[in-house]
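Biologist: I would like to learn how to read a model of this kind, feature by feature. Could you take me through it?

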Amino acid sequence: MSRRFGATTTGKLIGIVIVLAIVAGIFALARLDVTGRKGSGLSDQFVYDVKDLAKIDPSLILYEETVLPIRTGFTNARGLVVGPQRSMYVAGDKAIRRFSENGQILTEIELTDTPGCLAVADDSKIYIGMKDHVEVYELSRGAGPRGGKRLSSWPTVDGAGDAVLTSIAIRQDDVFVADAGNRIVLRYDTTGRLINRIGQKDSQRNIPGFVIPSPYFDLAVGRDGLLRVANPGRHRIEAYTFDGDLEFWWGKFSSALEGFCGCCNPVNFAILDDDSFVTCEKGLVRVKVYNPQGVFVGVVAGPEQLVEGGTSRICTLPSQCQAGGFDVAVDSRGRIFVLDTIKNTIRIFTRKQT
Amino acid sequence: MMGENKSAEGEITRRHFLRDSLWGTCLAGLGVLTGFVITKLRKTNTLWQIDPYTCVACGNCATYCVLDESAVKCVHAFPVCGYCRICFGFFGPEPLDITEGAENQVCPIGAIKRRFVEDPYYEYTIDESLCNGCGKCVKGCNTFGNGSLFLQVHHDRCLNCNECSIAAACPSGAWKRVPAEQPYLLKPALSPSAALRVNSAEGMVAHPPQAERGAGNHA
């Protein structure tokens, strides 16, 4: 009797163990993730998170986007300027396109290669920075939508093989060209004759030199007659005389809003009519305003407005990350035009009414 | 006359010789063909690798490998690097200070080392014995820098499983088979002209100090 009872108990125990093993197996299989959907399982310290940095206090955002973005039609928009008569000129792919205020293409100039930057003079001549040379065009009168006549082409003089022209600015008879490849600013006259070089490392003149880790190197001429040049590797904007003397600079590294974040910012900037600066940063894509002394004033738009609507996602694929060097331009009405180089659109921001 | 004699004696005739030769040739050809097909089907001439332009540095490479220590580790393409003083592949997004203090570094295990080159340039290298392939530094470098840090399968460690568990868990499809003769997908040394390319990680211009130019990829 007791032997039979013991045999029954052993059988039950074995059955229970088998059932438990099957349940545990099913549970383990259900939890097994071979698709990666559950994530890496790494702790938070292994996660790169800049979402908090991307958030901006709404009270600091001084501008708003009141019109729909203008599609440039480019797959690789590179540079933006606002020319005379408030038309917008965009360099991209292998062309320059001129847009009206309502976004219509007025003119297209076809080029043989990809332009890197452009500037429009008061006489409406268009100076286009190609990889290693400058081409000058004028809009042909009455020539229709494909009007554009090439007037001249200047080769750069410094190491053409390394040259990467990233910005052009014009003041009367002077044309300033930023060469990111050679880390120098070249000053030409309007005929293409080199006058002098600006910003070359020179301890005698107390010039530290430009640090350009990525192909963003912008410049503009202020109303005070000084040339402003972004020195992104040093996180500042430097002021030079046309003869190349470094007068002063402003800007500092900081992940906070007041400073320039990342390895190398600002990537682009523009000067408003009140001499304030509008700066663009990559990485954390932020467009901000600084007063003429370089004191932070406010934000035009941050990652939540610029990159992914309503979210603070920065970028996912390397190509998206690298494309975040937005360009910026301003007009006489104080509007700020941002060239979104990810979506290849022009975003127009106006100051909020207080 | 000799042939007829041999045939009569049960020895090899010309006809038999030709027939046997034909059979032999056919069998040899079949063998060669079978060997060729088997070699092709075995695919032993390909290896797993990560496409750095598709990788999103999700972190799965660190934990899904069948090895205790993942076969995936970070590598650094010096010709693409900007040699920045404030490198966001080295420093966290909000460093307390720009020093090598552990609290300022992005890598939780201190696998990235930096060396001063000349003002303001620094050289960054990966300590592969420490790197676990989490990709945190890759994310920082891609977001803010030139993307010179990226993940690669190290073939001195990889078992080359047919069904790679990391490849199955890769959310971006960055894992691919590459020829064994070219086992790494390294970002190439680029001329500055590449900077004008279409929105692409290839479009970066690197400015290492003059002394460092020409340095190759480090894998």
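Predicted model: local features only at pLDDT ≥ 70, side-chain atom pairs only at ≥ 80, totals over all residues.

Biologist: How many helices and strands does chain A have, and how many does chain B have?

Modeller: Chain A has four helices and 25 strands. Chain B has five helices and seven strands, and along its sequence they come in the pattern α-α-β-α-β-β-β-α-β-α-β-β.

Biologist: What does the radius of gyration say about chain A?

Modeller: Set the value against the one for a compact globule with that number of residues. For 354 residues the globule would be near 20 Å, whereas chain A has 28 Å. The box around its C-alpha atoms, taken along the principal axes, is roughly 115 × 50 × 50 Å.

Biologist: How many residues does each chain give to the contact between them?

Modeller: Chain B gives 45 residues and chain A gives 43. On the side of chain B, the elements with two or more residues there are helix 3 (60-63), helix 4 (136-144) and helix 5 (165-169). Helix 4 of chain B has the largest share, six residues. By class, this side of chain B holds 25 nonpolar, 17 polar and three charged residues.

Biologist: Why is helix 4 of chain B described as largely enclosed?

Modeller: Nine of its nine residues are buried, so the rest of the structure largely encloses helix 4 of chain B. Among them are B:Lys136, B:Lys139 and B:Phe144.

Biologist: Now a sheet, please. What holds strands together?

Modeller: Strands in a sheet pair through backbone hydrogen bonds, in a parallel or antiparallel way. In chain A, four strands make an open sheet with antiparallel pairing, in the order 3-4-5-6. Strand 3 (77-82) and strand 6 (105-110) of chain A are at the edges with a single partner strand each, so one side of each has no neighbour in the sheet. From one strand to the next, the twist averages 15°. Strand 4 (residues 88-92) and strand 5 (residues 95-99) of chain A are joined by five bridges, and A:Tyr89 stands opposite A:Arg98 of strand 5.

Biologist: Which residues have the most contacts inside the largest nonpolar core?

Modeller: They are A:Leu118, A:Val177, A:Val328 and A:Phe337, in a core of 82 residues. Beyond its neighbours within four places in sequence, A:Phe337 is in contact with residues including A:Leu80, A:Val82, A:Met88 and A:Ile348. Another core, of 53 residues, lies apart from the largest one and includes B:Tyr64, B:Phe91 and B:Cys137.

Biologist: Last, a loop residue. Where is A:Ser276 placed?

Modeller: A:Ser276 is in the loop between strand 19 (268-271) and strand 20 (277-281) of chain A. A residue needs 20 or more C-beta neighbours within 10 Å to be buried; A:Ser276 has 18 inside 10 Å and therefore counts as partly exposed. Setting aside residues up to four places away in sequence, A:Ser276 touches A:Val289, A:Tyr290, A:Asn291, A:Pro292 and A:Val297.

How values were computed. Residues numbered from 1 in each chain as written. Chains lettered and ligands numbered in written order. Rg over C-alpha atoms; globule rule 2.2 N^0.38 Å. Contact = placed C-beta atoms within 7 Å. Nonpolar A, V, L, I, M, F, W, Y, C, P; charged D, E, K, R; others polar. Buried ≥ 20, exposed ≤ 12 C-beta atoms within 10 Å, placed from the backbone. Pairing = 2+ DSSP bridges. Axes fitted to C-alpha atoms, helices over the stretch in contact; angles between N-to-C directions. Core = buried A, V, L, I, M, F, W, Y, C linked by C-beta atoms within 7 Å.
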